[in-house]
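Subject: Structure for you to look at

Hi,

Here is the structure I wanted to pass on to you.

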Amino acid sequence: MLIKTQRDGFVHERPSEITPRAIYQERRDLMRWMASGAAGVGLAAWAGREALAQSATARPGKLAPLPGRRSAVAGAATVEKVTDYRDASTYNNFYEFGTDKTDPARNAHTLQTQPWTVEIDGLVRKPGRYAIEDLIKLSAQEERIYRLRCVEGWSMVIPWVGYSLSKLIDKVEPLGSAKYVEFTTLVDRKTMPYVNSSVLDWPYVEGLRMDEARHPLTLLGFGMYGEVMPNQNGAPVRLVVPWKYGFKSAKSIVRISFTEQEPGTAWNKAAKNEYGFYSNVNPQVDHPRWSQATERRIGEDGLFAKRRKTLMFNGYEPQVGQLYAGMDLRKFY
């Protein structure tokens, strides 16, 4: 199927998926555009899209493929350099498998992801239990290249595969009284050795306000780098909310509940003064132990690597800023 768009004075036709014909058409359009004299400042952006298309389709060849089509959601594909798969899959916070960054990659092989079901309950018209296979088929998979910002002051750029959480929300039909969505991570003492520790009140629970959960950028993720999700990154299904600190994106989800009251979340219960319910990326509001003004991009760890300035809402302010209009973001941190 061809998708028609108008750009630079031309009507462009492109297939809905990347094909040799699509590449040919894009290059043909580029030559026409340059010939028109309009190339100028836009050439760098075009080159960035070309590089993005090449890097985004590369697979590490570690796990089963899970391709995703290009997303039409605004803000769904940053053109920044993608973090190396090795870094993204070995430098993780997943406390159920250990508190050191290398623990999840070393210990999460014990996680059993088949069979897997997710229970939908609470204030919905259509509660039920969904097998992971049915969730994957519920909507077309898309690739979303998002920035990931950790509250600890480091960041990555990761190509996730999934679809907007709103697709599932629409299917289960929340009641008008449902104001929040709560996400619960698996707790299994046989396969998750560190849930026997007292570092958190298990199971791990996170939550979003309904409008945050419905936002098109909020992703129900099943894979990354064109493959199914690695265990240490939250297999087989996780949340990805790119404008919030990473801990807001619950991993290995087994339950999604619709509630009228704000959920009590894991880190908020552990240290309320350090981890607010919203936890939006905000360079003006520091964590008590970490400045949020700058960040260290994983993979740029050389002697002369500079810290990056942290962007408001992790760079997604044009897309999500209106969700918090009129709110005191120092109070609702």
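Below is what I found in it, beginning with the chain as a whole.

First the ground rules: this is a predicted model, where local features need pLDDT of at least 70 and side-chain atom pairs count only at pLDDT 80 or more, while totals for chains, interfaces and linings use all residues. Residues are numbered from 1 along each chain as its sequence is written, and side-chain values use heavy atoms, with hydrogens and water left out.

The protein chain has 9 helices and 15 strands (DSSP runs numbered from the N terminus: H or I of at least four residues for helices, E of at least two for strands). Of its 333 residues, 50% count as buried, meaning under 20% relative accessible area with a 1.4 Å probe and protein chains only; exposed is over 50%, and partly exposed is in between. The accessible surface is about 16200 Å², 53% of it from carbon and sulfur atoms (Shrake-Rupley, 1.4 Å probe; for residues, only the protein chains shown count as cover). If you take contacts between residues at least 6 apart in sequence, 69% join residues at least 24 apart, a contact being heavy atoms within 4.5 Å.

Now the sheet. There is an open one of 5 strands, in the order β5-β4-β13-β8-β9 and with mixed pairing; strands pair if DSSP finds at least two bridges between them. β5 (128–131) and β9 (205–209) are the edge strands with a single partner each, so one side of each has no neighbour in the sheet. From one strand to the next, the twist averages 20° (axes are lines fitted to C-alpha atoms, for helices over the stretch in contact, and angles run from 0 to 180 degrees between N-to-C directions). Helix α6 (residues 165–172) packs on this sheet, touching β4 (117–122), β5, β8 and β13 (253–259), and its direction makes about 60° with that of β13.

β8 (residues 180–185) pairs with β9 in the antiparallel sense over 5 bridges. Y180 is opposite R209, and E182 has G207 as its bridge partner. Although β9 is an edge strand, 5 of its 5 residues are buried: V205, G207 and R209 on one side, E206 and L208 on the other.

On to the aromatics. I get 13 aromatic pairs, counting rings of Phe, Tyr and Trp (its six-membered ring) with centres within 6.5 Å; planes under 30 degrees apart are stacked, over 60 edge-to-face and the rest tilted. F94 and F97 have ring centres 5.0 Å apart and planes at 85°, so they are edge-to-face, and both are buried. Y278 and Y324 are edge-to-face too, at 6.2 Å and 90°. That pair links distant parts of the chain, 46 residues apart, and both of its members are buried.

Y278 and Y324 also belong to an aromatic cluster with Y180, F277, F313 and F332. F313 is in the loop between β15 (308–309) and α9 and is buried, with a relative accessible area of 2%. Leaving out residues up to four places away in sequence, F313 touches W243, N280, V281, V320, G321, Y324 and L329.

Finally, two charges sit over rings (NZ of Lys or CZ of Arg within 6 Å of the ring centre and within 35 degrees of the ring normal). R147 is over Y316, 5.1 Å from the ring centre, and K251 is over F94 at 5.5 Å.

Cheers
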